[in-house]
Amino acid sequence: ALPIYTFRPETSRCIFRLGRREDICDVTLVSEKNPELISRVHAEIHAERESDSPTGDWRVYLVDCSSHGTFVNDVRMTRGQKVELCDGNTVTFGHKDSERLPEGSLAMQRESEFYFMFQKIGRA
């Protein structure tokens, strides 16, 4: 079975980090295939409570902080770009050819080592 990661923001704005630096990342990505393809802080998930929402809904964004590429729905993000995540979006890291793929390009990510699917969950 694959692990499930659940992020529960504790304040109205939170940042969760994913990458290979165990001491600063909330999720440590340990690559068994290509360790050099995962950056110390590969990506950040930004959770922001909507101030004008009566139900306190959240907006969730992904920011690429990597040297080797982050993909959302098989499209390579621009480094530093902030993309809003929606239910069912896929996020992948660790594709062996990512450095050769220009930012904004569409590339199937079947060979990526790390694959995440985003889904908002209700309050506990």
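Arg21 sits in the loop that links S1 to strand S2 (27–28); strands here are DSSP runs of E with at least two residues, helices are runs of H or I with at least four, and both are numbered from the N terminus. The model is a predicted one, so local features need pLDDT of at least 70 and side-chain atom pairs count only at pLDDT 80 or more, while totals for chains, interfaces and linings use all residues. Residue numbers start from 1 along each chain as its sequence is written, and side-chain values use heavy atoms, with hydrogens and water left out.

As for confidence, pLDDT is the predictor's own score for each residue, from 0 to 100. The protein chain averages 85, and 92% of the residues score at least 70. Confidence is highest in strand S7 (residues 82–84), with 95, and lowest in S9, with a mean of 87.

Back to Arg21: with a relative accessibility of 32%, this residue counts as partly exposed, the class between buried (under 20% relative accessible area) and exposed (over 50%), using a 1.4 Å probe on protein chains only. Its side chain makes a polar contact with the side chain of Asp23 at 2.5 Å. Such a contact is a pair of N or O atoms within 3.5 Å; within protein, one must be able to donate a hydrogen and the other to accept it, and residues adjacent in sequence count only if both atoms are side-chain atoms. Asp52 is 31 residues away from Arg21 along the chain, and their C-alpha atoms are separated by 36 Å.

Now the core. A nonpolar core is a set of buried Ala, Val, Leu, Ile, Met, Phe, Trp, Tyr and Cys residues joined through side-chain atoms within 4.5 Å. The largest one has 19 residues, and those with the most contacts inside it include Leu18, Leu29, Leu62 and Phe116. Two or more residues each come from strands S1 (13–19), S3 (43–49), S4 (58–64), S8 (90–93) and S9 (114–117). S1 gives the most, with three residues. Leaving aside neighbours within four places in sequence, Leu29 is in contact with Leu18, Gly19, Arg20, Ile38, Phe93, Phe114 and Phe116, contact being heavy atoms within 4.5 Å.

Over in the loop between S8 and S9 lies Ser105, which counts as buried because its relative accessibility is 17%. The Ser105 side chain reaches the backbone oxygen of Pro102 at 2.6 Å. Beyond four places in sequence, Ser105 is in contact with Asp74, Val75 and Arg76.
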